[in-house]
Amino acid sequence: MKKQILICAATEKACETLKEMLGSELYDITTETAASAVREHDLEMFSVLFVSLPLADESGIKLIDELASDSSPPVCAIVRADLPEKAIERLYADNAYILKRPVSRSNVLLAAELISAFYGKSADMRARISELERKNDEIKLMSRAKLLLIEKKGMSENDAHRFILHRAMNRQMSIEAVCHEIIDENG
């Protein structure tokens, strides 16, 4: 399956040049010439966003600031070689990858492959972290419910645990729902 890439540059010609460098045999490429159009996309479907600064409707730095979130794919900013150091520092702060003009086909291809591979790995890690956080919340909830059963009903920890599991099974409810019920009853 081809990787999805979004290219945003000031002109159609600049978009086409980058598109040709990447090649359509490896990537499914969408192009835009305005930051406002980029904001309209569901960006999570893309592996990499290439933003060639400046854009037609803004400098592009504000757009990259907005894209610097966990849910947004990584951004590769293509900038003038003489871009002020302050602007480059701001892009680095937004975790943007930077390619200085003139760029070669091999540099653009390498950036696309490395960035999309990294994004895929980090997406897997974010999903794993999210799952661990969910499990941690479930354990905290279960512990709170067991503690209330121990304090209010005089149960042992094992009895409280079994009580929660049996109630969930008998009522065909999730353990989380049973724990919330116990906390509400005894809270």
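Select helices α6 (residues 157-171) and α7 (residues 175-186) in this predicted model. Their axes cross at roughly 115°, and angles of 65 to 115 degrees count as roughly perpendicular, so α6 and α7 are roughly perpendicular to each other. The two axes come within 9 Å. Viewed as a pair, α6 passes α7 in a right-handed crossing.

Next, show the side chains where the two helices meet. On the α6 side, pick F163, I164, L165, R167, A168 and R171. On the α7 side, pick I175, V178, C179, E181, I182 and E185. Colour this contact of α6 with α7 by residue class: eight residues are nonpolar, four are charged and none is polar.

Now move to strand β3, residues 48-52. Is this strand mostly covered or mostly open? Strand β3 is mostly covered, with five of its five residues buried. In a regular strand the side chains alternate between the two faces of the sheet.

Strand β1 (residues 3-8) runs parallel to β3, and four bridges join the two. To locate one of these pairings, select C8, whose bridge partner in β3 is V51.

How values were computed. Residues numbered from 1 in each chain as written. Predicted model: local features only at pLDDT ≥ 70, side-chain atom pairs only at ≥ 80, totals over all residues. Heavy atoms only, no water. Buried < 20%, exposed > 50% of the residue type's maximum accessible area, 1.4 Å probe, protein only. Pairing = 2+ DSSP bridges. Axes fitted to C-alpha atoms, helices over the stretch in contact; angles between N-to-C directions. Parallel < 35°, antiparallel > 145°, perpendicular 65-115°, else oblique. Left-handed = near helix turned anticlockwise from the far one by under 90°. Contact = heavy atoms within 4.5 Å. Nonpolar A, V, L, I, M, F, W, Y, C, P; charged D, E, K, R; others polar.
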